[in-house]
Amino acid sequence: MVAEAKKREIKEAHKRKKIMKERFKQEESIASAMVIWINEILPNWEVMRSTRRVRELWWQGLPPSVRGKVWSLAVGNELNITPELYEIFLSRAKERWKSFSETSSENDVEGVSVADREASLELIKLDISRTFPSLYIFQKGGPYHDVLHSILGAYTCYRPDVGYVQGMSFIAAVLILNLEEADAFIAFANLLNKPCQLAFFRVDHSMMLKYFATFEVFFEENLSKLFLHFKSYSLTPDIYLIDWIFTLYSKSLPLDLACRVWDVFCRDGEEFLFRTGLGILRLYEDILLQMDFIHIAQFLTKLPEDITSEKLFSCIAAIQMQNSTKKWTQVFASMMKDIKEGDKNNSPALKS
């Protein structure tokens, strides 16, 4: 027994040593990449952003110290939002919250319009409490609670046509962790203005059909066996993709891994969100093939917590986003044409 205990102790010591060695190697790699990003890439952003060297470095994950800056540059600011404009909409939000509090104290909540309720302090506050609850920093009394509340409230005033939708809090929270408040709002508003995010947050069924149908083309191309298994249960992409896309994987994956997904999403655009989805399906293909409809839905709704960056990105890298001679954008465009021509009932996707 003593000998066995000694063996276990030696084995554990070797394991700890290996982990520490890998961690040290990773930290060295991050420090080296950070120097390159700060000294070479960021000062020459427009010239270098699309070069092969930068794209390869980008794929490996951005150093945390430059992540926010790179995200901001990659997302851009087509809406031309300034910090001053953010303050204006934040002031409007605070006025609406005050007005809502006074109204709700005098009248029944059911008497208030849906738009007012969605923009209210109470509803946003409720969602904030569900945002990365294990971190506590976004909970009431936490250092980022008020910042998250402010950004979400300002956005409902900036885009009343979109309003506040569940899932937004996770996206805003990730940005807050990497950017200053005003910059986080600017990135948030521009990110949600991208076609894919706008389609999902506005629940544009026609556009969502197009995304799901395009996704299934590449699903069948890359994972034909699993695709047929899902088909046999009539398991459509909306069952698992909606939650993934709504929160840009920040609710579904460990935070550090979600940030790495965001890194490449900022590099490659919406296509990478769906490539990541296929990467997840590839990673768990063998497990999913043994499951029925209910268990697949449950599994994909709550992914294993031990999912690692190396394994997932290895699977994502193996996914080909080209169908015969057509790339994602071309298949996507043809799906849009089909839908416009009234063929959406034949599209292998969610029926609105």
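A nonpolar surface patch is made of residues with over 30% relative accessible area and no salt bridge, their nonpolar side chains joined within 5 Å. In this predicted model, Leu135, Tyr144 and Leu177 form such a patch, with about 210 Å² of accessible area together. Tyrosine 144 lies in the loop between α7 (121–128) and α8 (145–158). With a relative accessible area of 31%, tyrosine 144 is partly exposed, because that category covers values between 20% and 50%.

Of the 352 residues in the chain, 47% are buried. Among the contacts with a separation of 6 or more, 72% are between residues 24 or more positions apart.

Leaving aside neighbours within four places in sequence, leucine 281 is in contact with Phe215, Phe219, Leu223, Leu226, Phe230, Tyr240, Trp244, Leu288 and Leu300.

Eleven of the 14 residues are buried, so α15 is largely enclosed by the rest of the structure. The buried residues include Leu257, Val261, Trp262 and Phe265, and also Arg260, Asp263 and Arg267. Just after α15, glycine 269 takes a positive phi of about 85 degrees.

Backbone angles also draw attention to two loops. Most residues other than glycine have a negative phi. Asparagine 80, however, has a positive phi near 55 degrees. This residue is found in the loop between α4 (64–75) and α5 (83–106). Asparagine 80 has a relative accessible area of 60% and is therefore exposed, the cut-off being over 50%.

Serine 234 also has a positive phi, near 55 degrees, and is a residue other than glycine. Its place is the loop between α13 (224–232) and α14 (238–246). Because its relative accessibility is 58%, serine 234 counts as exposed.

Definitions and conventions:
Residues numbered from 1 in each chain as written. Predicted model: local features only at pLDDT ≥ 70, side-chain atom pairs only at ≥ 80, totals over all residues. Heavy atoms only, no water. Contact = heavy atoms within 4.5 Å. Buried < 20%, exposed > 50% of the residue type's maximum accessible area, 1.4 Å probe, protein only. Helix = DSSP H or I, 4+ residues; strand = E, 2+ residues; numbered from the N terminus. Patch = residues over 30% accessible without salt bridge, like charges linked within 9 Å, V, L, I, M, F, W, Y side chains within 5 Å. Areas by Shrake-Rupley, 256 points an atom, 1.4 Å probe, with all protein chains shown as cover. Salt bridge = Lys/Arg side-chain N within 4 Å of Asp/Glu carboxyl O.
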